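Hi everyone, thanks for making time.

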Number of protein chains: 2
Amino acid sequence: MKFATYDDGSTDGRLYVVSSDHARAVDASAITPSLLSALQNWREVEAPLKRLSEDLDANHSPVGVLFEPRLCLAPLPRAPQWCDGSAFLNHGRLMERAFNTPPIPDFETIPVMYQGASDDFLGPCADTPFVSEVDGIDFEGEFGVIVDEVPMGTSAQAAANCICLIVQINDWSLRAIGAYEMPRGFGFLQAKPTTSFAPIAVTPDELGSAWSDGRVALNLHVARNGERVGSASGAEMAFSFPDLIAHAARTRRLRAGTVIGSGTVSNKDRAAGSSCLAEKRVIEKLDLGEAQTPFLKFGDRVEMEARFADGRPGPFGRIDQRVVGTR
Amino acid sequence: MKFATYDDGSTDGRLYVVSSDHARAVDASAITPSLLSALQNWREVEAPLKRLSEDLDANHSPVGVLFEPRLCLAPLPRAPQWCDGSAFLNHGRLMERAFNTPPIPDFETIPVMYQGASDDFLGPCADTPFVSEVDGIDFEGEFGVIVDEVPMGTSAQAAANCICLIVQINDWSLRAIGAYEMPRGFGFLQAKPTTSFAPIAVTPDELGSAWSDGRVALNLHVARNGERVGSASGAEMAFSFPDLIAHAARTRRLRAGTVIGSGTVSNKDRAAGSSCLAEKRVIEKLDLGEAQTPFLKFGDRVEMEARFADGRPGPFGRIDQRVVGTR
């Protein structure tokens with residue numbers, strides 16, 4: 001199943017089911033008003049939503065409309081929690097060199113994860129406002145999962161059954177502030193403003209064999225102003241999504257609708273490029289002596305789209321956003 | 001005005017207005033269903049809620065019930081965000097000695113703040129479950145404010161006008177995990193499980209002159225198993241709540257209902273005692289060579305109540321919780 005959220009003026013938006021080919025969508029709010037309410041009642045609404053999805057794909061639906069990503073909010077405009085890991089070791093190691101910080105102990109065996117704000121997620125085509133270019137505006141291409149209720153202390157094995165949906169994420173980051181906040185030990189706050197999402201949240205079966213070992217084995221194509229920055233594979237996660245869920249739930253329960261992120265998708269193979277500018281810049285610094293690529297400027301465009309290995313577009317649709325100033 | 005939230009089975013609970021003397025409460029859901037919805041429509045509902053409050057205090061209300069804190073959820077069972085500062089410098093300095101970490105740069109001039117989970121706030125008398133005593137279970141007595149919508153980049157001066165309500169908080173902490181997470185730079189995640197709230201959220205006028213310079217000038221009486229741990233004053237904050245709000249909103253907007261915390265209330269005057277066990281333990285270590293006070297055990301009771309300087313109970317009611325194991 002594929003889901004999108006249309007803006008109807010409400011806090012959580014209105015749930016739509018999207019056709020397999022992304023051509024059409026149908027209002028699902030007669031079954032449950034929003035994607036959040038669907039997740040809160042997943043066992044009850046899964047079957048009727050599935051029938052609606054099958055009807056839409058079979059062309060039986062009387063009320064389908066053309067699917068228009070520009071009208072979409074984030075699949076969840078607000079979520080109970082947003083916990084973002086850093087599960088691609090290559091990214092972590094490069095960031096240590098970028099920020100000149102000591103290696104994180106146990107980085108390869110115990111996940112690191114930060115708590116982000118989850119009240120103001122942006123849709124795939126929303127302009128993203130920032131107060132200042134001086135803060136070092138950057139994107140981070142990621143994958144994520146949305147879970148059902150997860151009890152405190154759930155094991156990774158059990159956590160696998162709590163994954164309802166998979167999403168594609170741009171975790172906006174302010175690098176100058178991150179370098180300031182990180183050594184203070186309280187984590188990222190000002191360094192992590194809003195987070196953006198591709199329009200379509202999908203059940204794991206939509207990925208076919210690309211949902212593998214609790215990882216999203218798709219290539220995340222990332223471009224800035226039309227120019228390729230990277231196309232790294234999500235398969236190279238050191239920790240699976242069930243591992244990350246178990247880490248998040250170690251001392252707390254996670255309410256249905258919590259989003260767990262992979263951290264920036266990053267591959268050891270340099271040919272894959274990068275899913276954020278900070279990584280590209282540190283590689284330039286290592287290779288050329290100094291960073292060549294500037295951070296984002298107001299007016300810059302950021303596009304992200306997951307694709308299958310054969311080049312077919314992935315199931316999430318595209319992120320296509322512009323960076324804007326608040327003034 | 002004084003507000004409490006009763007459990008009606010819904011995610012956000014049902015809004016009640018509480019009488020000045022905390023003896024009675026009246027269902028306010030005909031005006032707006034929940035405290036969250038009230039905050040989202042503050043300008044519209046403030047006047048009718050005020051009339052209901054005045055009627056209740058004048059004994060005109062036909063539907064008042066006995067106020068029963070044990071039936072209360074947290075005033076906001078979920079909030080858009082929970083951003084917790086560390087505005088009492090005495091606490092910060094003692095924590096550095098407790099965890100043997102280097103002094104945080106600019107600690108006295110720029111607030112530090114972490115992002116906490118805001119989807120699972122506990123009520124004043126709810127048992128609080130933990131997986132293991134080995135994690136170093138501790139409480140942190142705090143004050144907090146709940147804000148109206150705050151635009152990105154709001155100044156501290158403007159932020160003062162965004163404060164709708166004041167609350168009293170127990171920010172549960174797991175010290176063994178905090179010592180592990182802090183040096184990793186991603187902030188507190190497992191170290192900060194759920195957060196608990198006194199039953200009554202109040203408008204600033206309810207504090208009278210104890211709402212002073214953007215600070216809560218009340219003494220926070222904290223006891224473990226009936227034994228006093230401390231009664232430190234909230235007046236000693238190095239940063240005001242408007243300062244903390246402006247810090248949180250520097251690169252993001254805050255949605256109505258966001259909770260901003262003071263961090264552990266702590267005074268230089270040793271006679272004030274402590275609002276958490278970690279502080280008490282480090283003072284013992286400095287004075288006696290080793291910590292004497294153990295962290296919390298399953299079955300322990302934690303009470304917190306703000307009081308005016310003359311000993312009268314403050315406006316928030318009491319936190320009275322028991323620590324329990326999940327198994």
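Predicted model: local features only at pLDDT ≥ 70, side-chain atom pairs only at ≥ 80, totals over all residues.

Okay, let's start with how the two chains relate. Turn chain A by 180°, with a shift of 0.0 Å along the axis, and it can be laid on chain B with an RMSD of 0.0 Å. The two copies are thus related as by a two-fold rotation axis. Which residue of chain A comes closest to that axis? It's G187(A), with its C-alpha at 1.7 Å.

Now to the loop between β2 (14–18) and β3 (24–27) of chain A, where you'll find D21(A). D21(A) counts as exposed because its relative accessibility is 57%, and the cut-off is over 50%. On the surface, D21(A) gathers with E54(A), D55(A) and D57(A) in a patch of negative charge.

H22(A) sits in that loop between β2 and β3 as well. Its phi is near 65°, which is positive even though H22(A) isn't a glycine. N100(A), also not a glycine, has a positive phi too, about 55°. Look for N100(A) in the loop between α3 (89–99) and β7 (113–116) of chain A. And N100(A) is exposed, at 71% relative accessible area.

Last stop, chain B. M237(B) is in the loop between β18 (227–233) and α6 (241–248). Buried or exposed? M237(B) is buried, with a relative accessible area of 5%. From M237(B) to G263(B) is 26 residues in sequence, and 9.1 Å in space, C-alpha to C-alpha.

Technical notes
Residues numbered from 1 in each chain as written. Chains lettered and ligands numbered in written order. Heavy atoms only, no water. Patch = residues over 30% accessible without salt bridge, like charges linked within 9 Å, V, L, I, M, F, W, Y side chains within 5 Å. Areas by Shrake-Rupley, 256 points an atom, 1.4 Å probe, with all protein chains shown as cover. Salt bridge = Lys/Arg side-chain N within 4 Å of Asp/Glu carboxyl O. Lys, Arg positive; Asp, Glu negative; His and termini not counted. Charge placed at Lys NZ, Arg CZ, Asp CG, Glu CD. Helix = DSSP H or I, 4+ residues; strand = E, 2+ residues; numbered from the N terminus. Buried < 20%, exposed > 50% of the residue type's maximum accessible area, 1.4 Å probe, protein only. Least-squares fit on C-alpha atoms with pLDDT ≥ 70 in both.
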